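Grab a pencil and work through these exercises with the model open beside you. Try each task before you read its solution.

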Amino acid sequence: MFAILFLLTSCVNSQKEIQHRGYEITGHVKNIPADQVYMSVMVLDTAGQPKWPTIDSAEYVNETFILRRDTQLIEPAWATEIFYIDSITKITSPLSFNNQYLSTKEKPALYGGFILENAVMDIEGDAKGKNGLKLIGSKETDFLFKYDLMSPPDKVYKMNAKINSALETFDTSLLVTYKKQKDSLLEKYKTNFKKIIKRHPGNFQALSNTWNNANYFTLDELQDLANIFDKELLESPTGKKLIEFIAHAKQLTTANVFPDFGYMDTTGKKNSLQDVKGKNGTLIVFWASWCGPCRQEIPELKSFYNTYYPKGISIVSISCDNDFEKWKEALVKEQMVWQNLSNLPGNYEDIFSKYNIKAIPFMFLLNSSNQILLSGNLLIEEIMLRLKQEGISSI
């Protein structure tokens, strides 16, 4: 009796061990016109650009393949793809998976990727079938198929366009109206967001989506969301980033004094905030030579500088580059006459982390005491309106 119990326990533990240590994906898939399948995952290079390295492969024999790795994944790998190279045409094709939450008999919803996680998964179906393949055992992919990326509704982005239009015409009445409408849309979005998180406190995709959409939540709201998640999940790299984001947000809220820095110019001279601040305020711009929108914005910044520098408002641009020479080349080409600094040869991710930056260009508008007046992916018109409220007009 003891031996039987030991055998059953060993089998159960073996299954759990695979789930804990790594992944095992068994494919029972018909009509793959190749004798090998490959798996790739999306990673970001040092400039934040996506790459798709192949991380695994398996033989396709008797309509079956097994992809297995005992090494534990630190975090699930978003945007994973299993593909094959046709033996005759040499065309590369991904396996397509059926999203049961969006599919209908008339129109199946097919996805060319899934989320790789530490789990035992199965893939079933026909590679040439119109309905795609069935993926079993991936709770993270199931979450993605059901809730997508949990981004705000399109109406919020459309409202942003209306707000921008009101800012450009300095129509404060319309601006108040549009902002109220946007706040109402966001409130509904955040209420539903929290309901989903409460249903999935141990799901990595729930955590990842919270981190990716953190800018839409207040500090208190973010803390409430973080308190919902399992403690083990918060020990993951993304969990730690969320906790760090919340800690930094406490320092970067409006009316707080902007944290000092010690970044260098192209000559190697270190500059603090006190060295570059304006008499009546400072606009800090985070940008990079590889960032198209950042470069497109520079003519507007030059116009802003010409208008407001005589009024005591300075600009300092802080680079998020990872290449010193490319940064210098961009400075020569753009001819920005204000102070330009960087943390090179340091890592730009340190800057992103310190100032809770998720996308550039990102700005902070400070008053004469270095207190934060505005922050975010700001429009020049938005900054001008805030300065007007502070008694500093463009006229």
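## Exercise 1: Disulfides

Find out how many disulfides there are, taking a disulfide as a pair of cysteine sulfur atoms within 2.5 Å.

- Start with the partners: Cys291 is joined to Cys294, with 2.3 Å from S to S.
- A disulfide, remember, is a covalent bond between the sulfur atoms of two cysteines.
- Next, look at the handedness: the torsion about the S-S bond of Cys291 and Cys294 is about 75°, so this disulfide is right-handed.
- Now try Cys320: this residue is in no disulfide, and the nearest cysteine sulfur, that of Cys294, is 7.8 Å away.
- Finally, check burial (buried means under 20% relative accessible area, exposed over 50%, partly exposed in between, with a 1.4 Å probe and protein chains only). Cys291 and Cys294 are both buried, and Cys320 counts as buried because its relative accessibility is 0%.

## Before you go on: what kind of model is this?

This is a predicted model, where local features need pLDDT of at least 70, side-chain atom pairs count only at pLDDT 80 or more, and totals for chains, interfaces and linings use all residues. Residues are numbered from 1 along each chain as its sequence is written, and side-chain values use heavy atoms, leaving out hydrogens and water.

Task: say where pLDDT (the predictor's confidence in each residue, from 0 to 100) stays under 50.

Solution. First take the whole chain: the average pLDDT is 91, and 94% of the residues score at least 70. Then go to residues 1-19, where pLDDT stays under 50. For that stretch the model has seven contacts (heavy atoms within 4.5 Å) beyond four places in sequence.

## Exercise 2: The two sides of a helix

Work out which residues of α6 are buried and which are exposed. Helices (H or I, at least four residues) and strands (E, at least two) are DSSP runs, numbered from the N terminus.

Solution. 

- Helix α6 covers residues 219-228, and its buried residues include Leu222, Leu225, Ala226 and Ile228.
- Those residues sit on the same side of α6, because they cover an arc of only 150° around the axis (the arc of the directions from the helix axis to the C-beta atoms).
- Asp220 and Asn227, on the other side of α6, are exposed.
- The buried residues of α6 pack against α4 (172-199), α5 (204-212), α7 (231-234) and α8 (237-251).

## Exercise 3: Checking a helix length

Solution. For its surroundings, note that the buried residues of α8 pack against α5, α6, α7 and α12 (348-354).

## Exercise 4: Aromatic pairs

Count the aromatic pairs, then classify one of them. Rings of Phe, Tyr and Trp (its six-membered ring) pair if their centres lie within 6.5 Å; planes under 30 degrees apart count as stacked, over 60 as edge-to-face and the rest as tilted.

Solution. The count comes to 22 aromatic pairs. Take Tyr38 and Phe83: their centres are 5.4 Å apart with 25° between the planes, so this pair is stacked. Tyr38 lies in strand β2 (residues 36-41) and Phe83 in strand β7 (residues 77-85), so the pair links distant parts of the chain, 45 residues apart. Tyr38 is partly exposed, at 25% relative accessible area, whereas Phe83 is buried at 12%.
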